[in-house]
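Here is a quick tour for anyone meeting this structure for the first time. Take a look, and then we'll go through the ligand shell and some of the strands.

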Amino acid sequence: MNVVPWADGEGSEMTAQVESGVSKTNPRGLVQSHLNRLITSSPAISSGHNDIKQQIKARLIEQNATIIAHYYTDPSIQELAEASGGVVSDSLEMARFGKDSDAQTLIVAGVAFMGETAKILTPEKRVLMPSLAATCSLDIGCQIGEFNEFCDEHPDRTVVVYANTSAAVKARADWVVTSSIAVDVVEHLDSLGQKILWAPDKYLGGYVKKQTGADMLLWDGSCIVHEEFKAQGILDLLQVYPDAAVLVHPESPQIVVDIADRVGSTSQLIAAARELPNPQMIVATDQGIFYKMRQVVPDKELLIAPTGGSGATCRSCANCPWMAMNSLETLLSCVETLSNEVFVDPTIARKAMVSLDRMMQFQGS
Ligand code: SF4
């Protein structure tokens with residue numbers, strides 16, 4: 001896979017429109033250098049592999065372990081998670097499932113912040129990941145040192161961070177939110193007269209700000225997958241499929257969100273595919289979501305929203321390179337050798353638990 005430099009597409013135009021806490025070391029450069037190292041070594045999407053699946057299932061039973069997989073992982077992993085009594089879900093439900101599960105070992109097939117969150121919420125359990133190198137451009141682009149400085153400069157603001165952040169950033173925050181509850185939490189805080197400092201996703205932050213009218217100061221981070229979706233490409237696709245509905249994750253640029261029939265988290269987009277009557281769905285999020293979406297709407301046609309655009313700026317092509325580091329092979333190795341255990345500094349974990357607990361309680365109320 002070729003890696004091209006960050007290019008000015010539709011998404012980049014948004015940068016100038018957002019209030020932002022611009023990182024002194026340029027998070028985009030940080031992300032790109034990280035990708036240059038990782039993206040070329042991402043394993044290919046695996047399929048079939050009944051032998052390896054049987055081996056993993058046997059080890060899961062031996063180890064009293066369960067798989068907690070994100071919607072963006074390889075379909076073979078999602079299938080195995082479901083077939084072995086685990087779960088496939090968004091990051092909030094992944095956290096819930098791990099907390100409520102009877103299994104003593106949680107295999108988190110996702111990215112680093114999901115493993116950390118599972119460990120913080122269930123410190124008594126062993127948390128393993130197929131790859132500890134699987135991270136997230138939002139997490140990389142919000143380093144704790146600079147984030148602390150940003151917070152220190154705005155002590156009058158309530159700090160709300162997206163779940164896609166490190167444990168250290170969560171420990172500094174007042175609230176953690178997922179995309180499924182971000183609007184509701186900020187609406188609640190706004191009703192209390194609170195001003196918000198938001199990090200790290202500027203597009204999700206911009207969307208929440210527009211929906212709620214809250215006073216929000218935004219960190220300048222972005223998801224390399226969702227930032228690539230192109231409004232013009234979707235409009236072109238609608239010429240071919242005029243009856244299609246457009247489903248968009250709010251980590252996408254505002255110009256893409258503006259043409260959506262439904263905007264929402266992964267779980268909300270799957271629900272939208274079921275609820276909307278349209279025969280085709282144009283979907284602007286990681287294409288891993290199609291595994292669950294096809295289960296829900298087997299008779300509808302699912303189309304991935306265009307990413308490359310006329311400038312051919314596609315880097316991830318709607319497939320997160322870090323999620324792709326979760327393969328059946330790395331999963332088997334992890335459960336066989338009990339390697340890649342996740343640890344979180346207990347002091348950081350205690351502090352992060354406060355903002356995470358608010359998220360869990362808010363959703364549960
Ligand atoms: S899809 Fe985007 S937000 Fe999700 S893990 Fe990958 S880089 Fe992070």
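Sorted by class, the shell around the ligand has ten nonpolar, two polar and two charged residues. (Ala, Val, Leu, Ile, Met, Phe, Trp, Tyr, Cys and Pro count as nonpolar, Asp, Glu, Lys and Arg as charged, and the others, Gly among them, as polar.) This is a predicted model: local features need pLDDT of at least 70, side-chain atom pairs count only at pLDDT 80 or more, and totals for chains, interfaces and linings use all residues. Residues are numbered from 1 along each chain as its sequence is written.

Around the ligand sit 14 residues, the closest being Cys136, Ser137, Cys223, Val225 and Cys320; a residue is near a molecule if its C-beta atom, placed from the backbone, lies within 6 Å of it. Domain 1 (10-22 + 138-223) and domain 2 (50-136 + 323-348) both give residues to this shell, so the ligand lies between them. Those domain bounds come from an automatic or database domain assignment.

Now for the strands, which are DSSP runs (E, at least two residues) numbered from the N terminus, as are helices (H or I, at least four). Two strands pair if DSSP finds at least two bridges between them.

| Parallel pair | Bridges | Facing residues |
|---|---|---|
| Strand 6 and strand 8 (residues 196-199) | four bridges | valine 159 and leucine 197 |
| Strand 6 and strand 7 (residues 175-177) | three bridges | valine 160 and tryptophan 175 |
| Strand 4 (residues 105-109) and strand 5 | three bridges | isoleucine 107 and leucine 128 |

Then there's an open sheet of four strands, in the order 3-2-4-5 with parallel pairing. Its edge strands, pairing on one side only, are strand 3 (87-89) and strand 5 (126-128).
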